[in-house]
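Please consider the structure shown here. The explanation is intended for a reader who meets it for the first time.

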Amino acid sequence: MEKLKKRWGITSNWALVAILIVFAINGSFAAWVAKPIMVFLELSPENTNVVLYWFLRIVIVFPVYQITLPIVGWLFGQFQFFWSFEKKMLKRMGFKRFFKDEV
(Lines give C-alpha, C1' and ligand atoms only; values in the text may rest on other atoms or scores of the structure.)
Protein backbone atom coordinates (compact mmCIF):
# COMPACT_ATOMS: atom_id res chain seq x y z
CA MET A 1 0.00 0.00 0.00
CA GLU A 2 2.91 2.33 0.64
CA LYS A 3 4.00 2.02 -3.00
CA LEU A 4 0.54 3.03 -4.14
CA LYS A 5 0.42 5.97 -1.75
CA LYS A 6 3.80 7.16 -3.00
CA ARG A 7 2.88 6.70 -6.68
CA TRP A 8 -0.36 8.64 -6.30
CA GLY A 9 1.10 11.27 -3.98
CA ILE A 10 -1.21 10.39 -1.11
CA THR A 11 -0.15 10.90 2.49
CA SER A 12 -3.01 9.47 4.55
CA ASN A 13 -4.43 5.99 4.78
CA TRP A 14 -7.95 7.46 4.76
CA ALA A 15 -7.37 9.04 1.34
CA LEU A 16 -6.12 5.72 -0.05
CA VAL A 17 -9.11 3.83 1.33
CA ALA A 18 -11.50 6.48 -0.03
CA ILE A 19 -9.89 6.29 -3.49
CA LEU A 20 -10.11 2.50 -3.60
CA ILE A 21 -13.75 2.67 -2.51
CA VAL A 22 -14.50 5.22 -5.23
CA PHE A 23 -12.95 2.99 -7.90
CA ALA A 24 -15.05 0.04 -6.70
CA ILE A 25 -18.31 1.96 -6.45
CA ASN A 26 -17.86 3.74 -9.76
CA GLY A 27 -17.01 0.55 -11.66
CA SER A 28 -20.08 -1.19 -10.31
CA PHE A 29 -22.23 1.87 -10.97
CA ALA A 30 -21.08 2.17 -14.60
CA ALA A 31 -21.85 -1.51 -15.23
CA TRP A 32 -25.23 -1.13 -13.51
CA VAL A 33 -26.15 1.89 -15.69
CA ALA A 34 -25.12 0.07 -18.88
CA LYS A 35 -27.64 -2.73 -18.36
CA PRO A 36 -30.83 -0.65 -18.80
CA ILE A 37 -29.25 1.15 -21.75
CA MET A 38 -28.66 -2.22 -23.42
CA VAL A 39 -32.26 -3.23 -22.66
CA PHE A 40 -33.51 0.07 -24.12
CA LEU A 41 -31.50 -0.63 -27.28
CA GLU A 42 -33.02 -4.15 -27.27
CA LEU A 43 -29.62 -5.79 -27.18
CA SER A 44 -29.03 -8.97 -25.24
CA PRO A 45 -26.71 -11.98 -25.59
CA GLU A 46 -29.72 -14.00 -26.76
CA ASN A 47 -30.64 -11.80 -29.74
CA THR A 48 -27.20 -10.38 -30.60
CA ASN A 49 -23.83 -11.84 -31.42
CA VAL A 50 -22.18 -12.31 -28.03
CA VAL A 51 -18.95 -10.60 -29.11
CA LEU A 52 -20.90 -7.63 -30.49
CA TYR A 53 -23.02 -7.50 -27.34
CA TRP A 54 -20.00 -7.29 -25.01
CA PHE A 55 -18.20 -4.84 -27.29
CA LEU A 56 -21.22 -2.50 -27.22
CA ARG A 57 -21.61 -2.94 -23.48
CA ILE A 58 -17.99 -1.91 -22.94
CA VAL A 59 -18.46 1.03 -25.31
CA ILE A 60 -21.41 2.15 -23.16
CA VAL A 61 -19.71 1.50 -19.81
CA PHE A 62 -16.57 3.45 -20.71
CA PRO A 63 -18.06 6.96 -21.08
CA VAL A 64 -20.37 6.42 -18.10
CA TYR A 65 -17.33 5.49 -16.01
CA GLN A 66 -15.35 8.51 -17.20
CA ILE A 67 -18.17 10.95 -16.51
CA THR A 68 -19.11 9.60 -13.10
CA LEU A 69 -15.59 9.03 -11.72
CA PRO A 70 -14.98 12.67 -10.63
CA ILE A 71 -18.56 12.91 -9.32
CA VAL A 72 -18.26 9.84 -7.09
CA GLY A 73 -14.78 11.02 -6.10
CA TRP A 74 -16.27 14.35 -5.04
CA LEU A 75 -18.77 12.53 -2.80
CA PHE A 76 -15.82 10.99 -0.97
CA GLY A 77 -13.84 14.22 -0.79
CA GLN A 78 -11.34 13.15 -3.42
CA PHE A 79 -12.42 15.30 -6.38
CA GLN A 80 -8.96 16.80 -7.00
CA PHE A 81 -7.32 13.38 -7.19
CA PHE A 82 -9.91 12.01 -9.60
CA TRP A 83 -10.03 15.14 -11.75
CA SER A 84 -6.24 14.93 -12.18
CA PHE A 85 -6.52 11.19 -12.80
CA GLU A 86 -9.23 11.76 -15.42
CA LYS A 87 -7.29 14.49 -17.25
CA LYS A 88 -4.17 12.32 -17.32
CA MET A 89 -6.09 9.36 -18.72
CA LEU A 90 -7.88 11.41 -21.38
CA LYS A 91 -4.63 13.07 -22.46
CA ARG A 92 -3.09 9.64 -22.97
CA MET A 93 -6.08 8.67 -25.10
CA GLY A 94 -5.54 11.56 -27.48
CA PHE A 95 -7.73 14.29 -25.98
CA LYS A 96 -4.76 16.42 -24.97
CA ARG A 97 -5.95 19.43 -26.98
CA PHE A 98 -8.95 19.83 -24.66
CA PHE A 99 -6.79 20.44 -21.58
CA LYS A 100 -4.36 23.26 -20.97
CA ASP A 101 -0.81 22.23 -20.26
CA GLU A 102 -0.20 22.77 -16.58
CA VAL A 103 2.98 24.49 -15.50
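The model is a predicted one.

Helix H2 covers residues 13-40 and helix H3 covers residues 50-75. Their axes lie 8 Å apart, and the two helices pack at an angle of about 135°. The crossing in which H2 passes H3 is right-handed. Sorted by class, the residues in the contact of H2 with H3 are 18 nonpolar, four polar and two charged.

A pair of aromatic rings is described by the distance of the centres and the angle of the planes. Rings pair if their centres lie within 6.5 Å, and by this rule the count comes to nine aromatic pairs. One of these joins Phe23 and Phe85: the ring centres are 5.3 Å apart and the planes stand at 70°, so the pair is edge-to-face. Because Phe23 lies in helix H2 and Phe85 in helix H4 (residues 79-95), this pair ties together parts that are 62 residues apart in sequence. Phe23 counts as buried, at 18% relative accessibility, whereas Phe85 is partly exposed at 26%.

Tyr53 and Trp54 also form an edge-to-face pair, because their ring centres are 5.1 Å apart and their planes are at 85°. Tyr53 is buried, with a relative accessible area of 7%, while Trp54 is partly exposed, with a value of 45%.

Finally, Phe23 and Phe85 belong to one aromatic cluster, together with Trp8, Phe81 and Phe82.

Terms used
Residues numbered from 1 in each chain as written. Predicted model: local features only at pLDDT ≥ 70, side-chain atom pairs only at ≥ 80, totals over all residues. Heavy atoms only, no water. Axes fitted to C-alpha atoms, helices over the stretch in contact; angles between N-to-C directions. Helix = DSSP H or I, 4+ residues; strand = E, 2+ residues; numbered from the N terminus. Left-handed = near helix turned anticlockwise from the far one by under 90°. Nonpolar A, V, L, I, M, F, W, Y, C, P; charged D, E, K, R; others polar. Phe/Tyr/Trp six-rings, centres within 6.5 Å; stacked < 30°, edge-to-face > 60°. Buried < 20%, exposed > 50% of the residue type's maximum accessible area, 1.4 Å probe, protein only.
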